[in-house]
Amino acid sequence: MSKNRITFLLVTALAVATVGLAPTAAQAEEAPAPAPAGNRAAAADGYLYAWEHAWKGGRQARWSGNSANWADQNMRNQASSALNNGFAGAYDDVLLHWGLSYGGASYCLPNGADLMDMRFDHFRHDGAGGGEALNDNISSHRWVNNC
């Protein structure tokens, strides 16, 4: 075999291998977009959300600041799911409280986190209501710097 023919075959083989490894334009366009970091589905808007039913169903309430009594949104002891959609930074976590005026046991909902079915989430043992399920048991909340 001549030297030119061997060179031609090697160059051709290398070109075929390179083309086979590189994705086509169609393959690159079909790649799914990366998922959002954490469990954030929506951009932060600065609110704590609560829903009457699990999985964000039923009536919805929202607060941008503290609430000493969830009756202000007709949600006291009625929430079954929640979302902390606050802005990241200082005072971005939320303490959910069993009692009025930030009293009783608490539960920390970190920034960007949600609780889809609060029957399975319980207050810490740090006051009245400790150990009870959050479902239909939240009376107040406050934004805190760190849980």
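View 1. R59 has a relative accessible area of 30%, so it counts as partly exposed (buried is under 20%, exposed over 50%, partly exposed in between; 1.4 Å probe, protein chains only). E52 is partly exposed too, at 23%. Their side chains meet in a salt bridge, 3.8 Å from N to O (a side-chain nitrogen of Lys or Arg within 4 Å of a carboxyl oxygen of Asp or Glu). By that rule, the count comes to four salt bridges.

This is a predicted model, where local features need pLDDT of at least 70 and side-chain atom pairs pLDDT 80 or more, while totals for chains, interfaces and linings use all residues. Residues are numbered from 1 along each chain as its sequence is written, and side-chain values use heavy atoms, leaving out hydrogens and water.

**View 2. K56 and D114 form a salt bridge.** The closest N and O atoms sit 3.9 Å apart. K56 is in the loop between β1 (47-53) and β2 (57-63) and D114 is in strand β6 (residues 114-115), so this pair ties together parts 58 residues apart in sequence (strands are DSSP runs of E, at least two residues, numbered from the N terminus).

**View 3. D117 meets R119.** Here the N to O distance is 2.5 Å. D117 is buried, at 13% relative accessibility, whereas R119 is partly exposed at 48%.

**View 4. Strand β5 (residues 106-109) is covered on both faces.** S106 and C108 are buried on one side, Y107 and L109 on the other. Strand β4 (residues 93-97) runs antiparallel to β5, joined by four bridges (pairing takes at least two DSSP bridges). V94 stands opposite L109.
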